Every structure is written in structure tokens, then in C-alpha cells.
Amino acid sequence: MWFNKEKGLNQKTMKFLVIGYGSIGQRHANNIKNLLKEGDSLAVCRQPREEEIKGIKTYFDLKDALRDKFDVAIIATPTNTHLPIAMQCAKAGLNLLIEKPLSHNDSKLKDLLKLAQKKTVMIGCNMRFEPG
């Protein structure tokens with residue numbers, strides 16, 4: 001059973017979207033894949049020039065992925081893309097885990113937090129003692 005701020009503690013299944021499939025994105029995808037329960041799903045959104053990932057639904061366009069109504073987006077892309085991607089995901093109603101650092105542009109952070117008021121927004125500290 002998964003926790004979800006809007007749906008409470010009784011959400012039986014979750015749909016996860018990992019955005020970015022570099023070393024950190026792969027780590028997130030593998031960890032989630034190992035935790036999936038019956039009915040849960042995992043997909044990855046990555047650069048168009050890259051290959052599909054065997055055994056995982058792969059998107060090459062974020063707009064296409066967001067049409068499929070995921071519950072959680074994990075953003076593991078280069079830092080300069082975190083905020084624009086997070087804004088798109090928040091507009092689509094997803095809970096967010098964004099790898100550190102959240103952004104280099106603090107002025108836009110308030111916009112993200114306002115958009116995602118009723119959702120969970122977390123900063124990933126996967127390798128917290130490494131420089132951001």
C-alpha cells in the first residue's frame with residue numbers, strides 16, 4: 001500500500017514515471033522496479049536519440065508520458081531542466097521527487113510550490129554527500 005497525500009493511505013497501486021535515465025535515473029528506476037507490487041507500473045522518459053529500455057515502458061516525449069496520468073514523477077535530468085520539467089509535471093497533477101539541486105533559479109521556485117500545493121514535492125538526496 002502506498003502513501004499519497006491526496007488519496008490517503010489506501011491507494012493500492014501507483015504509477016511511477018522516471019524522467020531522465022542517466023546513472024541516477026537508472027538507480028531510481030531499478031529501485032522502484034524492485035519494489036513494484038501487483039498493479040503498480042513504472043515508465044521512463046528519456047532522450048529521443050536513446051534506445052527503449054527492455055521491460056520498461058519508454059517514452060521519448062514528456063508530453064506523451066504526461067497524457068498517461070502517472071501518480072509520481074521522479075526528475076533525474078540535468079539541473080538546468082529540473083524546474084521546467086517539474087512545472088509541467090505539477091500542472092499535470094503529479095507528486096514530485098526532484099534530484100538535487102532543485103534549481104539554480106530561486107525566483108521560479110515559488111511558482112512551482114504554488115502549482116503543487118496539494119501534492120508532495122521532495123528533493124532527492126540520493127548521493128547527499130556529493131556536490132550538487
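Arg 67 is exposed, with a relative accessible area of 57%. Exposed means over 50% relative accessible area, buried under 20%, and partly exposed in between (1.4 Å probe, protein chains only). Arg 67 forms a salt bridge with Asp 64, and the closest N and O atoms are 2.5 Å apart. A salt bridge here is a side-chain nitrogen of Lys or Arg within 4 Å of a carboxyl oxygen of Asp or Glu. Asp 64 counts as partly exposed, at 37% relative accessibility.

This is a predicted model, in which local features need pLDDT of at least 70 and side-chain atom pairs count only at pLDDT 80 or more, while totals for chains, interfaces and linings use all residues. Residues are numbered from 1 along each chain as its sequence is written, and side-chain values use heavy atoms, with hydrogens and water left out.

A search of the whole structure finds 2 salt bridges. Glu 50 and Arg 46 form one, with the closest N and O atoms 2.6 Å apart. Glu 50 counts as partly exposed, at 29% relative accessibility. Arg 46 counts as buried, at 16%. Side chains of opposite charge can pair when their charged atoms come close.

Now the overall fold. The protein chain has 4 helices and 8 strands. Helices (H or I, at least four residues) and strands (E, at least two) are DSSP runs, numbered from the N terminus. Along the sequence the pattern reads β-β-β-α-β-β-α-β-α-β-α-β. Of the 132 residues, 43% count as buried. The accessible surface of the chain comes to about 8200 Å², and 52% of that belongs to carbon and sulfur atoms. These areas come from the Shrake-Rupley method with a 1.4 Å probe; for residues, only the protein chains shown count as cover. Contact means heavy atoms within 4.5 Å. Among contacts with a separation of 6 or more, 54% join residues 24 or more positions apart.

Turn to strand S7, residues 95-99. Here 5 of the 5 residues are buried, so the strand is largely enclosed by the rest of the structure. Asn 95, Leu 97 and Glu 99 point one way from S7. Leu 96 and Ile 98 point the other way. In a regular strand the side chains alternate between the two faces of the sheet.

Strand S6 (residues 72-75) runs parallel to S7, and 4 bridges join them. Two strands pair if DSSP finds at least two bridges between them. Val 72 stands opposite Asn 95 in S7.

Helix H3 (residues 79-91) belongs to a right-handed β-α-β unit with S6 and S7. Right-handed means that, with the strands pointing away from the viewer, the path from the first strand over the helix to the second runs clockwise. Buried residues of H3 include His 82, Leu 83, Ile 85 and Met 87. Their cover includes strand S3 (15-19), H2, S6, S7 and helix H4 (109-115). Gly 93 follows H3, and its phi is positive, near 85°.

The search of the whole structure finds 1 aromatic pair. Tyr 59 and Phe 70 form it, edge-to-face, at 6.0 Å centre to centre and 85° between the planes. Tyr 59 lies in strand S5 (residues 57-59) and Phe 70 in the loop between helix H2 (62-66) and S6, so the pair ties together parts that are 11 residues apart in sequence. Rings of Phe, Tyr and Trp (its six-membered ring) pair if their centres lie within 6.5 Å; planes under 30 degrees apart count as stacked, over 60 as edge-to-face and the rest as tilted. Both Tyr 59 and Phe 70 are buried.
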